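Me: I have a model open and would like to understand the words used for it. Could you go through them with me?

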Amino acid sequence: MTTHSHYRQYIADENAMCDFGKKLIHAICQLDNDNSVVLYLNGDLGAGKTTLSRGIIQALGHQGNVKSPTYTLVEEYYLQDKTIYHFDLYRLSDPEELEFMGIRDYFNKNTICLIEWTEKGAGLLAKPDLIVNIEYAETARELELIAQNARGEQIITLLTK
């Protein structure tokens, strides 16, 4: 099996970002459920981190809004035998706040953790399987996935099939 450590995708608009989220979760769902899958979502304000998360969450059947958990720090979604935790650490003033909320309890088997503004939780977060970098490309976006371990490489391999 050939593995890839990087994957790049041009994202034309918001719909394309949601569609890519669906494709990404489809690849993730093909993995075993013994461990959590952790994605670090990096990008400037408005780059599309929450839009990507919405595509992932709605692809698993969520019908309601998917909002950025900027003020709550985490939103939970229980979908198709999986639990998705969507974190937004933008307003986190001290990483120690994550200890008080029991951050380690979120990284259990059969969970998917989508984490925005990971630098705010440095040292306390689980290591990522994939780093997702989203950059502005004029009115579009350039998305890059970087595998951080064998699970991340599996996801990228499944995306490229």
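Me: What makes S3 and S4 a pair, and in which sense do they pair?

Reply: Strands here are DSSP runs of E with at least two residues, and helices are runs of H or I with at least four, numbered from the N terminus. Two strands pair if DSSP finds at least two bridges between them; S3 (residues 74-79) and S4 (residues 82-88) have 6 bridges, in the antiparallel sense. Tyrosine 77, for instance, stands opposite isoleucine 84 in S4. In their hairpin, with 2 residues between the strands, glutamine 80 takes a positive phi near 45°.

Me: How far can I trust this, and how is it numbered?

Reply: This is a predicted model, where local features need pLDDT of at least 70 and side-chain atom pairs pLDDT 80 or more, while totals for chains, interfaces and linings use all residues. Residues count from 1 along each chain as its sequence is written, and side-chain values use heavy atoms, leaving out hydrogens and water.

Me: Why are H1 and H2 called oblique?

Reply: H1 (residues 14-29) and H2 (residues 49-59) pack at about 50°, with axes 7 Å apart. Angles under 35 degrees count as roughly parallel, over 145 as roughly antiparallel, 65 to 115 as roughly perpendicular and the rest as oblique, so H1 and H2 are oblique to each other.

Me: What makes H2 mostly covered?

Reply: Buried means under 20% relative accessible area (exposed is over 50%, partly exposed in between; 1.4 Å probe, protein chains only). In H2, 9 of the 11 residues are buried, among them Leu52, Arg54 and Ile56. Just after H2, glycine 61 takes a positive phi of about 110°.

Technical notes:
Axes are lines fitted to C-alpha atoms, for helices over the stretch in contact, and angles run from 0 to 180 degrees between N-to-C directions.
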